[in-house]
Amino acid sequence: MSAPAFNNKIIKWIDERIPLFTVLEHSTSSYPTPKNLNYWWNFGSLALFALVIMIMTGIVLAMNYTGHTSMAFDSVERIMRDVNYGWLLRYLHMNGASFFFICVYVHIFRGLYYGSYKAPREILWWLGLLIYLAMMATAFMGYVLPWGQMSFWGATVITNLFSAVPVVGNFIVTWLWGGFAVDNPTLNRFFSLHYLLPFVIFALVFLHLVALHTSKSSNPLGIEPKGPQDTIPFHPYYTIKDLYGVGVFLLVFMGFVFYAPNFFGEPDNYIPANPMVTPPHIVPEWYYLPFYAILRAIPDKLGGVIAMFGAILVLFALPWLDSSKVKSGRFRPVFKWFFWLFLADCFLLGWIGGKPAEGNYIPIGQAATFWYFFHLLVVLPLLGRLEKPLALPASISAPVLKEKA
Amino acid sequence: MAHSTTAAPSGSSQGESRRDFLLIATSAVGAVGTALAVWPFVHSMNPAADTLALSTTEVDLSKVAEGMAITVTWQGKPVFVRHRTADEIKMAEEAPLSDLREPTPDKDRVQKPEWLILVGICTHLGCIPMGQKASDPRGDFGGWFCPCHGSHYDTSGRIRKGPAPLNLVVPKYTFLTDSQIRIG
């Protein structure tokens, strides 16, 4: 890693003392990126953009929010009505959470299709999963803060999951609550942790990028670059492409913020929390629905909780469950179909998660849960052995050059 | 040096084992110290003294007529106080124990048969079952029905149907007078 020559004397003076500009140079204009990345590769930078929006809006919202059960709901309404641009900041934060998850879900499924989790990118994949887990915890605690009916009852149901733990379950739940029910101590600690975790996510994103810049970006062909002819510098080529993606993202995002700001929300959360009345139908936020469906598919309380957490934990073993040497789904004729089936299964679970647990919804949810685990634990290991992949191109440049000739 | 033929000079090997000892001892003390230091942080999240101080609630029963029920707050939780009718008591007492998921006879769940005192929290995932108001659905067994995931409780608050694993909890309470109880 040789230091680039800087002409500007001030930059040179700083860089000799702390190599900020060298690091920047190495991770942008001299960072070799495969030249064949498609638009699905935009969603990593979009997720980072969403994280920045969340932290910025969150910091100013916290200046006007009061973390007390008797004042939290009203302080949020005050932000909506009286604080200058408070409505905008809150709607950006509310919808930003949904769009952060949309970007991350696309990013994850892109990785699943193109085999981005395979060697040498296993730790990169793990760090991504840790970011995802931290996001789920952050979003859950953030949803409790406005102290509406869904805030309160969502918090009650989710924290009660831990009571399924044998022997110490009730002690854990009391400890999480800081009392004998979800109450002011719970709200206070959730606010504290909701403020902390985004910075933990930021640190994990930094490690995710360090791992990325060590193993380098994957690409749609799933073969590693053979030399400089297969790569282009990240800056300016992908900075401008990512910036274009940000433009499209903002069009859609601001469309929701301005014209359908409550599209992703629950009307019940505009009713102040009442510990004495349970809403008839408790639904979590949309990004949890597939896991909520898995929780309810198992008729046993502890079993449901294990299946729900297992659904995420099993993804950590994915680099070894998928035994195929070929990374990209493009060259895996059978895997390709199973991938789309798996995606459809996740959508089905999401739909079931939003429905009451009754009638036909129960067997459909159980079948979809079965398929989720069957795909990851049985289909993927078998496919790697049975499937005959298509011939891989000689290099990233080869298919393009052949077409020209 | 003369008596050592196989290993490095004994002085040096002794020095290494002393260093190993120091390293292990330091690490052990450090680990125990850290574990002890973590406890105040963990325990600070447990219920505080003022939260614990709110641990009793007194209820005046004289205003609850037969067949009526009221909900009171105890430790931030709803507590159901139901003045059972003779029919309800009979149903609760005559339910065969073999039909119950958590078999407990009704007489072990009440101090006076007409007064049923329960923590009004579904043992599944913490929702509040319906059945306190006359207009509420009371489920298939005339007690309570939890709308969240469909658990049915009988007139003794015992789980009869649905995903909940346990009976509604009977809190500790004492009769101060014939018409007054203290919960907690």
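This is a predicted model: local features need pLDDT of at least 70, side-chain atom pairs count only at pLDDT 80 or more; totals for chains, interfaces and linings use all residues.
Residues are numbered from 1 along each chain as its sequence is written. Local features need pLDDT of at least 70, and side-chain atom pairs count only at pLDDT 80 or more.

Start with helix H14 (residues 333-353) and helix H15 (residues 361-386) of chain A, whose axes come within 9 Å and cross at roughly 150 degrees. Helices here are DSSP runs (H or I, at least four residues), numbered from the N terminus. Axes are lines fitted to C-alpha atoms over the stretch in contact, and angles run from 0 to 180 degrees between N-to-C directions. The crossing angle therefore makes H14(A) roughly antiparallel to H15(A), a term for angles over 145 degrees. The contact of H14(A) with H15(A) divides into 20 nonpolar, 3 polar and 1 charged residues. Ala, Val, Leu, Ile, Met, Phe, Trp, Tyr, Cys and Pro count as nonpolar, Asp, Glu, Lys and Arg as charged, and the others, Gly among them, as polar.

Next come helix H4 (residues 72-81) and helix H5 (residues 86-114) of chain A, which pack at about 115 degrees with their axes 5 Å apart. A:Val76, A:Ile79 and A:Met80 in H4(A) meet A:Gly86, A:Trp87, A:Arg90 and A:Tyr91 in H5(A).

H4 and H5 of chain A also each supply at least two residues of the lining of the second largest pocket. H5(A) gives the most, with 8 residues. By class, this lining has 29 nonpolar, 10 polar and 4 charged residues.

Technical notes:
Chains are lettered from A and ligands numbered from 1 in the order in which they are written. Side-chain values use heavy atoms; hydrogens and water are left out. Angles under 35 degrees count as roughly parallel, over 145 as roughly antiparallel, 65 to 115 as roughly perpendicular and the rest as oblique. Contact means heavy atoms within 4.5 Å.
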